[in-house]
Amino acid sequence: MKVGLGYDIHRLAPDRRLVLGGVAIEHPKGLTGHSDGDVLLHAVMDALLGAGGLGDLGTHFPSDDPAYAGASSLGLLRRVAALLSGAGLVVASVDATVIAEAPRLAPHIAAMREAIAGAIGADSGRVSVKATTNDGLGVLGAGEAIAALATALVEER
């Protein structure tokens with residue numbers, strides 16, 4: 001078994017759609033980024049790639065490559081799952097935490113778990129998503145950004 005850790009943070013900006021865990025969420029601001037800015041999936045992908053010893057997100061999907069402008073992070077996660085499968089690895093579990101002052105994420109957690117599980121070809125029971133705030137501290141606490149942390153456990157098939 002191998003474990004990986006992922007982290008990502010993006011600023012919030014007007015005129016962007018907020019997507020977290022592959023789920024579109026009503027909010028006046030969305031996350032900036034070359035792709036759809038989905039920090040949760042970016043952290044999950046980095047954790048999976050790290051666990052598999054396959055590099056990082058920027059290696060596989062460079063932010064200066066126009067092919068990934070506006071890309072769906074859920075589609076990129078499917079590609080990461082294919083890379084793991086090609087390396088003879090299967091996802092044993094994913095545990096992730098989103099850090100955001102707003103919006104309230106509890107109503108969306110189940111859909112995020114299902115989206116992630118579907119993209120990696122795992123049962124949703126192998127995927128955990130949690131949400132917390134930064135208690136008003138720093139750029140996260142001021143509602144200027146959203147961050148995510150993830151760990152992934154993979155095993156040889």
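How many helices and strands does the chain have? The chain of this predicted model has five helices and seven strands. Helices are DSSP runs of H or I with at least four residues, and strands are runs of E with at least two, numbered from the N terminus. The order from the N terminus is β-β-β-β-α-α-α-β-α-β-α-β. The radius of gyration, taken over C-alpha atoms, is 15 Å, close to the 15 Å of the globule rule for 157 residues, so the chain is as compact as a globular protein of that length. That rule is 2.2 Å times the number of residues to the power 0.38.

Residues are numbered from 1 along each chain as its sequence is written. Local features need pLDDT of at least 70, side-chain atom pairs count only at pLDDT 80 or more, and totals for chains, interfaces and linings use all residues, while side-chain values use heavy atoms, without hydrogens and water.

Of the 157 residues, 46% count as buried (under 20% relative accessible area, 1.4 Å probe, protein chains only). Contacts are heavy atoms within 4.5 Å. Among those between residues at least 6 apart in sequence, 71% join residues at least 24 apart.

The lining of the largest pocket comprises 14 residues. A pocket is an open set of points on a 1 Å grid where a 1.4 Å probe fits, with protein on both sides within 12 Å along at least five of seven lines; lining residues have an atom within 4 Å of a point. Ser35, His42, Leu57, Phe61 and Ser63 lie nearest the centre. Strand 1 (2-14), helix 1 (39-51) and helix 2 (57-60) each supply at least two lining residues. Strand 1 gives the most, with three.

Definitions and conventions
Buried < 20%, exposed > 50% of the residue type's maximum accessible area, 1.4 Å probe, protein only.
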